[in-house]
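Please look over the sequence and the structure shown here. The paragraphs that follow lead through a few of its places in turn.

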Amino acid sequence: MEQETGLSCPVAVIACTAMAFFYVAILYAPSFILRLPPPPSVNEFMIRRFICAAISSIVSILCCALILPIRSREASHILGLYGIRLDHIWQAVVLPLSLTSLMYAGTLVLKSLVLVDICKESEGGGFSIDCTKRLLRNLTYLMSATTSDVMAWRNYIVAPLTEELVFRACMIPLLLCGGFKIYSVIFLCPILFSLAHLNHWMEIYTRHNYSFLKASVVVGLQLGYTVVFGSYASFLYIRTGHLLAPIVAHMFCNMMGLPVLFARSKEIDNLI
């Protein structure tokens, strides 16, 4: 990515910190600032949060455009600063997706074994037409259920789009223009990205009635994972200069969950 100078280091850090704080704080604005009544359902609660996340993303983009020393006001140049480009789209999708799949090699192998086991239990005893039809029906049902699930929209659409816009597309250009080295940006952005998930501690502690220690362990593991993924997503964004790369990786990781690091031999023997 092309670096532009003219932005001081403290201003870049303060701006990024403010964006991270605003991204989390606005989620609680309807209840604590606007004093709106609690939403009657989970769907309305999540839709309210979707709107807040969208507002936060738009505000961050506008603030970033005002702070960055942009030389040209052409739309293509401004969008390019955020990694929004139309060139090399397939490289920004296929290559990061292939690289991310390597982290889930164990998970993919286990899922493949489960798929083979399902086909063995079918009437044909293998990859028969009936087995294929059943798998397609299950896939169609799963996709239909996913599109109507508000939590799926949060995990696979809203969170990847808004978080990558704020924590990658806005923060990385600011830090690079502030004079930070690339390796420093790859380390610093994930810290802000991870701290933005601290609000989950209060939600887990109060809503799930977890003990202080258990809630801290759960959130601590989540923060550690977000630091690792944030570093990886920042690397993808800087290396490709394309916002689509970390978005695709984010969606894929949310779909797969935590990678499977080991499996009991008995479970594998039952599938083979």
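Arg35 sits in the loop between α2 (29–32) and α3, where helices are DSSP runs of H or I with at least four residues, numbered from the N terminus. The model is a predicted one, in which local features need pLDDT of at least 70, side-chain atom pairs count only at pLDDT 80 or more, and totals for chains, interfaces and linings use all residues. Residues are numbered from 1 along each chain as its sequence is written, and side-chain values use heavy atoms, with hydrogens and water left out.

Most residues other than glycine have a negative phi. Arg35, although not a glycine, has a positive phi of about 60°, and it counts as exposed at 65% relative accessibility (buried means under 20% relative accessible area, exposed over 50%, and partly exposed in between, with a 1.4 Å probe and protein chains only). His88, in the loop between α4 (75–81) and α5 (89–103), also is not a glycine and has a positive phi, of about 55°; with a relative accessible area of 48%, His88 is partly exposed.

Helix α3 (residues 42–67) has buried residues, including Met46, Phe50 and Cys64.

Key
Helices (H or I, at least four residues) and strands (E, at least two) are DSSP runs, numbered from the N terminus. The expected span of a helix is 1.5 Å times one less than its number of residues.
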